[in-house]
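Me: Walk me through this chain by question and reply. Keep it brisk.

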Amino acid sequence: MHARFPDFRLGKVLATSFTATLTERRGNAVERIPTPQRLVDWLAVNGLAVESCTTAQHELARELRESIHAALTAAALHEPLPASAVQVINDCSIQGRAAAVLTPESTRQWRLGSASCVEDALSVIAADSISILAGERDGKLALCASPTCRAAFFDTSQSRTRKWCDMNTCGNRQKKARFNANKRKNPGSAK
């Protein structure tokens, strides 16, 4: 029987989607890639398919994830980037072999070689985080307004005023909490 894992939170930005494999960091943390095979699954869903993953590669991926999260959080708060996080991101970026290819729809897609390994996929994720941290992308780094989440996300909305990493989870949860609090304050107004 297969274990049931939490669904992936998929977004349009690879690096922040990767950091979202650990959610509710300040609450009851939810690990979405708890096993090497689950990392393989996440990579495949994100166009970075690899055949297998060792325990050491899984640990490297989680170290990269936490380094990206630390760097994105610092950047969103306009604080200096942690040197150790920058080192992990840079090391992962230069370890892999991947090529950017142009799709018929005029978008960039990453292609890994036929004998690709986890390090190749991680190099793409690290490079994506570098492009965000270096300010090469149109958007704004922000932190989720949910006190239990505080995920770093890349806001590409027109106004750049997004508050939640994901409206369907954190945003709805906070709106529901406010609604219930108002309902308790004014019990007669809900009729």
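Here are the ground rules, then the questions. This is a predicted model, where local features need pLDDT of at least 70, side-chain atom pairs count only at pLDDT 80 or more, and totals for chains, interfaces and linings use all residues. Residues are numbered from 1 along each chain as its sequence is written, and side-chain values use heavy atoms, with hydrogens and water left out.

Me: What percentage of the chain's residues count as buried?
Reply: Buried means under 20% relative accessible area, exposed over 50%, and partly exposed in between (1.4 Å probe, protein chains only). The chain has 191 residues. The buried share is 39%.

Me: What share of the contacts with a separation of 6 or more comes from residues 24 or more positions apart?
Reply: Contact means heavy atoms within 4.5 Å. Counting those contacts in the chain with a separation of 6 or more, the residues 24 or more positions apart account for 55%.

Me: Are H3 and H5 roughly parallel or roughly antiparallel?
Reply: Axes are lines fitted to C-alpha atoms, for helices over the stretch in contact, and angles run from 0 to 180 degrees between N-to-C directions. The axes of H3 and H5 come within 11 Å and cross at roughly 0°. Angles under 35 degrees count as roughly parallel, over 145 as roughly antiparallel, 65 to 115 as roughly perpendicular and the rest as oblique. H3 and H5 are therefore roughly parallel.

Me: How many nonpolar residues does the contact of H3 with H5 have?
Reply: On the H3 side, the residues include Leu 60, Leu 64 and Ile 68; on the H5 side, they include Leu 122, Ile 125 and Ile 132. Ala, Val, Leu, Ile, Met, Phe, Trp, Tyr, Cys and Pro count as nonpolar, Asp, Glu, Lys and Arg as charged, and the others, Gly among them, as polar. Two residues of this contact are polar and one is charged; the nonpolar ones number 13.

Me: Which residues touch the most other members of the largest nonpolar core?
Reply: A nonpolar core is a set of buried Ala, Val, Leu, Ile, Met, Phe, Trp, Tyr and Cys residues joined through side-chain atoms within 4.5 Å. The largest one has 36 residues. H1, H2, H3, H4, H5, S5 and S6 each supply at least two of its residues. The members that touch the most others are Phe 18, Leu 64 and Ile 125.

Me: Which helices are included in what covers the buried residues of H2?
Reply: H2 spans residues 36-45, and its buried residues are Arg 38, Leu 39, Val 40, Trp 42 and Leu 43. Two of these, Trp 42 and Leu 43, are in contact with Ile 125. The cover includes H1, H3 and H5.

Me: Is His 58 buried or exposed?
Reply: His 58 lies in helix H3. Beyond its neighbours within four places in sequence, His 58 contacts Ile 33, Pro 34, Thr 35, Pro 36, Leu 39 and Cys 53. Its relative accessibility is 3%, so His 58 counts as buried.

Me: How far is the backbone nitrogen of Arg 38 from a polar atom of the Thr 35 side chain?
Reply: Thr 35 sits in the loop between S2 and H2. At 26% relative accessibility, Thr 35 is partly exposed. The distance from its side-chain polar atom to the backbone nitrogen of Arg 38 is 3.1 Å.

Me: With which side chain does the side chain of Arg 32 make a polar contact?
Reply: Arg 32 is in the loop between S2 and H2. Arg 32 is buried, with a relative accessible area of 10%. A polar contact is a pair of N or O atoms within 3.5 Å; within protein, one must be able to donate a hydrogen and the other to accept it, and residues adjacent in sequence count only if both atoms are side-chain atoms. At 3.1 Å, the partner is the side chain of Thr 23.

Me: What positive phi does His 78 have?
Reply: His 78 lies in the loop between H3 and H4. His 78 is exposed, with a relative accessible area of 75%. Although His 78 is not a glycine, its phi is about 60°.

Terms used
Helix = DSSP H or I, 4+ residues; strand = E, 2+ residues; numbered from the N terminus.
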